[in-house]
Amino acid sequence: MNVVIDFESPFEQRKSLGVGFRVEAEIVVEARQNVLKIPTSALFRDQKQWAVFKVEENKASLQLVKVGSRNGLEAEILEGLEQGDLVVLHPGASVQSGSLLEIRE
């Protein structure tokens, strides 16, 4: 997405801004409350569906999920998980359903 930023103040009030001036901005595209979200690093594709490894009794359990909005860091979960569920972050190829997990804080 291209964003055009234009100053509202007269040039005389911002003469000190020169080469290398930088603007940091946060653009909110969508905002909602009471959304269940997880880190996108927990998501992977199982066939054509999104999935995660849910932690159940210190073991990995494949759980299909329905994903809503997402960005590079977080994904909204519409179905498949509940508040408080633990998921495996960055599951490697060695993680499978039934794999014993070590829980880290």
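Visitor: In this predicted model, is Asp 85 buried, partly exposed or exposed?
Guide: The relative accessible area of Asp 85 is 27%. Because buried means under 20% and exposed means over 50%, a residue at 27% falls in between, and Asp 85 is therefore partly exposed.

Visitor: With which residue does the side chain of Asp 85 meet in a salt bridge, and how many residues apart in sequence are the parts that the pair ties together?
Guide: The partner of Asp 85 is Lys 54, and the N to O distance of this salt bridge is 3.6 Å. Lys 54 belongs to strand 3 (residues 49-56) while Asp 85 lies in the segment after strand 5, so the pair ties together parts whose separation in sequence is 31 residues.

Visitor: Which other residue forms a salt bridge with Lys 54, and is Lys 54 itself buried or exposed?
Guide: Lys 54 also forms a salt bridge with Glu 56, where the closest N and O atoms are 3.6 Å apart. Glu 56 is partly exposed, its relative accessible area being 37%. For Lys 54 the relative accessibility is 15%, and because the limit for buried is under 20%, the partner of Glu 56 counts as buried.

Visitor: How many salt bridges does the structure hold?
Guide: The pairs of Lys 54 with Glu 56 and of Asp 85 with Lys 54 are among them. Side chains of opposite charge can pair when their charged atoms come close. For the structure as a whole, the number of salt bridges is 5.

Visitor: How far apart are the closest N and O atoms in the salt bridge of Arg 32 with Glu 30?
Guide: Both partners are partly exposed, Arg 32 with a relative accessible area of 45% and Glu 30 at 47% relative accessibility. Between the two, the closest N and O atoms are separated by 2.3 Å.

Visitor: What is the volume of the largest pocket, and which element gives the most residues to its lining?
Guide: The largest pocket has about 400 Å³ of volume. Of its 14 lining residues, Glu 30, Ser 69, Arg 70, Asn 71 and Glu 74 are the closest to the centre. Two elements, strand 4 (59-70) and strand 5 (74-79), each give two or more residues to this lining, and the one that gives the most, with 3 residues, is strand 5.

Visitor: How many charged residues are in the lining of the second largest pocket?
Guide: This pocket holds about 310 Å³ of space and is lined by 13 residues, with Val 87, Val 88, Leu 89, Glu 102 and Arg 104 nearest its centre. Whereas the lining of the largest pocket has 6 nonpolar, 2 polar and 6 charged residues, the lining of the second largest pocket has 9 that are nonpolar, 2 that are polar and, as charged residues, 2.

Visitor: How far apart in space are Ser 99 and Ala 75?
Guide: Ser 99 has its place in the segment after strand 5 and is buried, at 18% relative accessible area. Along the sequence Ser 99 and Ala 75 are 24 residues apart, and in space their C-alpha to C-alpha distance is 24 Å.

Notes: Residues numbered from 1 in each chain as written. Predicted model: local features only at pLDDT ≥ 70, side-chain atom pairs only at ≥ 80, totals over all residues. Heavy atoms only, no water. 1 Å grid on protein atoms, 1.4 Å probe; cavity = no way out; pocket = protein on both sides within 12 Å on 5 of 7 lines; lining within 4 Å. Points joined across faces, edges and corners; volume = space filled by probe spheres on them. Helix = DSSP H or I, 4+ residues; strand = E, 2+ residues; numbered from the N terminus. Nonpolar A, V, L, I, M, F, W, Y, C, P; charged D, E, K, R; others polar. Buried < 20%, exposed > 50% of the residue type's maximum accessible area, 1.4 Å probe, protein only. Salt bridge = Lys/Arg side-chain N within 4 Å of Asp/Glu carboxyl O.
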